[in-house]
Each structure stands twice: as C-alpha cells, then as structure tokens.
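Trainee: I have a model open here and want to go through it with you. Can we start with the charged pairs and then move on to the pocket?

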Amino acid sequence: MKKQRPKYIMGIAMIVFVLLIPFFPTINNFLAIPTHLTLYTSEEPVVINPLSERVKIVAEEEQDIIALKDNEIFPVNFGETEVTYKYNNIPLKRVNVNVDDSYQVIPGGQSIGVNLQTLGVLVVGYHKVGDEDNLMSPGQDIGIEIGDSILAMNDHEIKSIEDIAPIVEEAGSTNEAIDVKFKRDNKVFEEKLHPKFDQKTDGYRLGLYIRDSAAGIGTMTFYDPITQKYGALGHVISDMDTREPIEIDSGTIVRSTITSIQKGDNGIPGEKRASFNKKDGLLGNITKNSSFGVFGELAEELKSGPLSNPLPVAKPNEVKEGPAKILTVIDGEKIEAFDVEIINAVEQKNPATKGMVLSITDERLLKETGGIVQGMSGSPIIQNDKLIGAVTHVFVNDPTSGYGIHIEWMLDEAGIDHVNTLNKAS
C-alpha cells in the first residue's frame, strides 16, 4: 500500500496540473493557437499571437503567399504555406496557412419592402365596354395580350396609368385612332387602337385592365461594402395576375417591419405580414428584376444582423449536405439565425435556379412560421462560415422544405466581379 502511495500522489498532482493549465496565460495562449488558418480578401490583415518577445514567428522561405509584419499576416497570393513559432530557433508549433480566393460580402437577412415601376404599363386583363347591345374590348380586338407592356401612344412615352387617360379622351372625342406601341417578350408591335365610348362609365375606354407598379416584401441576401451593390429575394418578381415576370423601368427598396406571420400548412403557403418604413428614407434602388432576384445599389447602410462582418462566398461545389443556418426576420426588424439542413446540393457549372434543397430544422422557427413562408425569399444560407446561397421557394405540400439558389449566380447577376479579386485588391 505504501509503494502505491507515490504513484497515487503523482496521479493527483498530474490531474491538478492539467486542471490548472488554463489558468497559466502563456500555456493557455499557446493552446489557443490554431493549427490551420484560412485567409480571404480583406482590407484588414490578420493579427497573430506572438506569445512572448522571445518567440519568433517565421514564414517558409521562398514563398509569396503571405507577408509577415509586426505580428500581422498579409495575404499576397492564392495558395498554401505555413508559419512556425520558434523559441531560440527551436520549433514550437506550425500553423498551416491557406489563402483562399473567395470574395467576401456581408450577409443580409433584413426584411425589405420592394416597390417596382413597370416598363410602360402592364396589361393584366380585359373588360367589355360600350352599350348593352355592343360590348367589346378594343385593346383585345387589335391583338394586345395579357402580359404585354404598353410603351407609347401617339409617340408619347407611357410611364404611368395617368399618361393614358388624356390621350384616350382626345382620340375618342375626335374619332381618331391611337398609334399604340406595345412589347411582348423581346418583340415590339405597333397597331392602331380606336377607343370605345362606354355608357356605364361615361367616357372613352380601351377595354384593358392595366397596372404600372407592384409592391411586396422580401429578404435581403447580401450587400457588398466595396461596390454598395446588393442582391435580394433570389427569384424573379412576377405580376400577381399575369404570373409573368415584371419588366421594370425603375424600383426602390425600403425598410420593412414584420407585424405578424400566417403559418404555412400542407397545400397552404404561409406569409410574413409587414409594414413599410418609408419615413426612414429609401434603402436603395432596383436596377434589375431577373430569375435570380432583384438587384441594385444601396443608398445607406443596413442595420447589422448577427453576422455583420463580411463572409467568404462559397462556390457551388463547396456546398455540402448537412447542417446550415439561415438569417431572417420573424418579429419586427430583428435578424435571427435559424437551423436548417441541406438535403441535396446540385453542383451547377452554369447559372441556374434551384441549386439546393433545404429543410427547416429549427424548432422555434417551425413553431412560429410552420417552415418557409412568403417574404422569406432571399434569406441568406450560411454553411461552414461561408455564404452559400439564399432561400427561394417553398414546397407547397411540405412547407418545412424548399429550394435555394447558389450565391455565385446572384453575385454574377449583381454585376460583382468576384473572381480573382485578391490579386486586384493587392
């Protein structure tokens, strides 16, 4: 028993020593040094821990990947190298350093109000005008179709509904035809249109239902602090009646506040309900409405979310099946992170929508929303500390799941040159 006592005491001493290690600053700092360090394009260098004045940090000889200066690492070129902590030329620890070519943007998650002004005015339906014995739609009769955009009348550019009324009234009162220019897909047509006097409304009419604007809510996906460009929604905005993509003349985004949520259920998509905060001013403009979202430039900085620093963007082949997070707002203007699972990821080499399938796994989000709801489109998806894409669509028969788009295609559509950006920055 006496022979075992020294071993017992030594064992206790070792346990105490191990437990006390975190309380020794130098040892604690040494253990905190990572074995692998990844650098990305950034205006700020990475500060490294020197441990003490006697410890030197040296880089590999004859490498041009990084530069060391005053305990800071500056990325120079893409590639892999290493730095070594040395004490009196004795290696203490090696750190692998990888300089990645990933571009960095700030993930969004903010709820935004979207206002679009159509190119010309959009035809969304027909109605019959005239008297009881002779009802007709003059616009439909000359071949104008639902979804067409009326661009000009009698050489006057049409930008809003208000532009049409005086032209129609003058043509009707003088019994003259209107030279109408309208667009369908990428083709422009010109026809003569005779307004018809309508007894019910006591005025000349075209027999067309038209719209010159659209509004809704969505989610900011990213914004670039360098170019001030942003991307949101992750899918095209279509007219609610024609289901056709809206060709825009201009547009704006404003702050919005989520006031309530209608939960989704099988066969019934839910939705966020929000108010627009126009009094705070415009957040930015909209210059493009495409299959990959809405894009433009910011006029002011957005409120930061839980991930307010720039994140590297992932290429499609970097997206893996497994856990991830989305950033979105479900109450007021507070951006929160929620757990999701990437069920399937498509390694797309060319721009395309529906690049991944995801499922909501966060219990709180499921309780509050039932899954993915309207207004959540554009919510950024984060995986392995990279921005990989955005939520775009919900499965109608399973609101807990939906599609996402790869972030690379949104960056391309925003006009952001995210390839080989480190060489340009340096």
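**Salt bridges, pocket and backbone**

Mentor: E145, D148 and R184 are linked in a network of salt bridges. Keep in mind that this is a predicted model.

Trainee: How many salt bridges does the structure hold?

Mentor: The count is 12 salt bridges. One of them joins R94 to E82, with 3.3 Å between the closest N and O atoms. R94 sits in strand β7 and E82 in strand β6, so this pair ties together parts that are 12 residues apart in sequence.

Trainee: What does D179 pair with?

Mentor: The side chain of D179 meets that of K192 in a salt bridge, at 2.6 Å from N to O. D179 belongs to strand β14 and K192 to strand β15, 13 residues apart, and the pair links distant parts of the chain. D179 is partly exposed at 38% relative accessible area, while K192 counts as exposed at 51%.

Trainee: And which residue forms a salt bridge with D339?

Mentor: That is K325, and the closest N and O atoms are 2.5 Å apart. Strand β26 holds D339 and strand β25 holds K325, so the pair ties together parts 14 residues apart in sequence. D339 counts as partly exposed at 33% relative accessibility, and K325 also counts as partly exposed, at 37%.

Trainee: Changing topic. How much space lies in the largest pocket?

Mentor: About 1000 Å³. It is lined by 33 residues, and the closest to the centre are I217, H235, I237, S238 and Q374.

Trainee: Which strand gives the largest share of that lining?

Mentor: β18, with 7 residues. At least two lining residues each come from β9, β18, β21 and β29.

Trainee: What is the lining made of, nonpolar, polar or charged?

Mentor: The lining of the largest pocket divides into 16 nonpolar, 12 polar and 5 charged residues.

Trainee: Where is D385?

Mentor: D385 is in the loop between β28 and β29. Its phi is near 60°, again a positive value in a residue other than glycine. D385 counts as exposed, at 61% relative accessibility.

Terms used. Residues are numbered from 1 along each chain as its sequence is written. This is a predicted model: local features need pLDDT of at least 70, side-chain atom pairs count only at pLDDT 80 or more; totals for chains, interfaces and linings use all residues. Side-chain values use heavy atoms; hydrogens and water are left out. On a 1 Å grid over the protein atoms alone, a cavity is a set of points where a 1.4 Å probe fits but cannot get out, and a pocket is an open set with protein on both sides within 12 Å along at least five of seven lines; lining residues have an atom within 4 Å of a point. Grid points are joined across faces, edges and corners, and a volume is the space filled by probe spheres set on the points. Helices (H or I, at least four residues) and strands (E, at least two) are DSSP runs, numbered from the N terminus. Ala, Val, Leu, Ile, Met, Phe, Trp, Tyr, Cys and Pro count as nonpolar, Asp, Glu, Lys and Arg as charged, and the others, Gly among them, as polar. Buried means under 20% relative accessible area, exposed over 50%, partly exposed in between (1.4 Å probe, protein chains only). A salt bridge is a side-chain nitrogen of Lys or Arg within 4 Å of a carboxyl oxygen of Asp or Glu.
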